[in-house]
Amino acid sequence: GLNVAMIPTAGDPFEFYRVPADPKWRCDLAFVGGRWRYKANHIDSYLMPLIGRYDIRVHGWGGWATWRDPRSFFRRTKISDDDVRVLFSSARIGPVVHEPHTGIYGIDVPERVFKVPLCGLLAISDPSASLHRYFPPDILPMADTPRHYRDLIDHYLADEEARAALAARQRAHVLAHHTYLNRAQSFLAGLGLADAAAAAGDAIA
C-alpha cells in the first residue's frame, strides 16, 4: 500500500551554470570523472579513441594512473567545482560515457548528462538503455557504437551553428525538467503536498 516515488539523479543549477569562457580552458571536448575498473571498459571504448583526434581535456581520479598512455594527454588530478564550471563553459562538447550496468539495464543514470548541458556545452552519449526517458532522441545524440560516437562528434564540431542550437535546446530541457528542484517537486507531489509542489514549480519558473 505504499506509494513508491522514484527520485533519479538530476542537475544542480546552483552549482553548474554557464560562466564566461576562459581562453586557457578552451577545448573541443571536456570530460571530468573517475576511471575505476568497472567503468573502464566503456571509457576505454568510447573516450580513449577520441584522444589525438581532438583538442580534449580530461581531469580524473580513481584509476587513471593505471592506464598507460604514452601521449600523457590527461591531467591525473582532481579539479575544483569552480574550475569544472569554467571548463565546461569554455568547451564545445561534453562526452557522456556511462557505466556498463547503465548502458545495459538503464539504471543509475549519472549526473553528467544533466550538468554538462547546464554549463552550455553539447552532451553526446554512448548507448544507454533508458536515457531517452529523460531526453527526446532529437535533443540528445546517442551513438550505437564507438565509431558512430566519433562520427557524431565530427559532425557537431564541423557545424558550429547546429552544435550551439542543440546545446541550447538541451540546456532548456534540463532547466525545465531535470534539475533537483524538479525532483523535489515530484517528491512533494508524491507525498500529496500539492501546495508545496506548486511552490517548488514557482521556484523553477
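Visitor: Which residues make the nonpolar surface patch of about 370 Å²?

Guide: Please keep in mind that this is a predicted model. The patch is made by Ile 7, Phe 187, Leu 191 and Leu 193. Ile 7 lies in the segment before β1.

Visitor: How many of the residues of helix α2 are buried?

Guide: Helix α2, residues 81–90, is mostly covered, with seven of its 10 residues buried. They are Val 84, Arg 85, Val 86, Leu 87, Phe 88, Ser 89 and Ser 90. Their packing partners are the strands β1 (27–34), β2 (56–61) and β3 (91–96), together with helix α4 (112–118).

Visitor: Why does Arg 85 count as buried?

Guide: The cut-off for burial is under 20% relative accessible area. Arg 85, in helix α2, counts as buried because its relative accessibility is 9%. Leaving aside residues up to four places away in sequence, Arg 85 touches Glu 15, Phe 16, Tyr 17, Val 19 and Cys 119.

Visitor: Which residues of helix α1 are buried, and what do they pack against?

Guide: An α-helix has 3.6 residues a turn, so residues three or four places apart point the same way. In helix α1, residues 37–47, the buried residues are Lys 39, Ala 40, His 42, Ile 43, Tyr 46 and Leu 47. These buried residues of α1 pack against β1, β2 and β3, and also against α3 (100–105) and α5 (146–158).

Definitions and conventions: Residues numbered from 1 in each chain as written. Predicted model: local features only at pLDDT ≥ 70, side-chain atom pairs only at ≥ 80, totals over all residues. Heavy atoms only, no water. Buried < 20%, exposed > 50% of the residue type's maximum accessible area, 1.4 Å probe, protein only. Helix = DSSP H or I, 4+ residues; strand = E, 2+ residues; numbered from the N terminus. Contact = heavy atoms within 4.5 Å. Patch = residues over 30% accessible without salt bridge, like charges linked within 9 Å, V, L, I, M, F, W, Y side chains within 5 Å. Areas by Shrake-Rupley, 256 points an atom, 1.4 Å probe, with all protein chains shown as cover. Salt bridge = Lys/Arg side-chain N within 4 Å of Asp/Glu carboxyl O.
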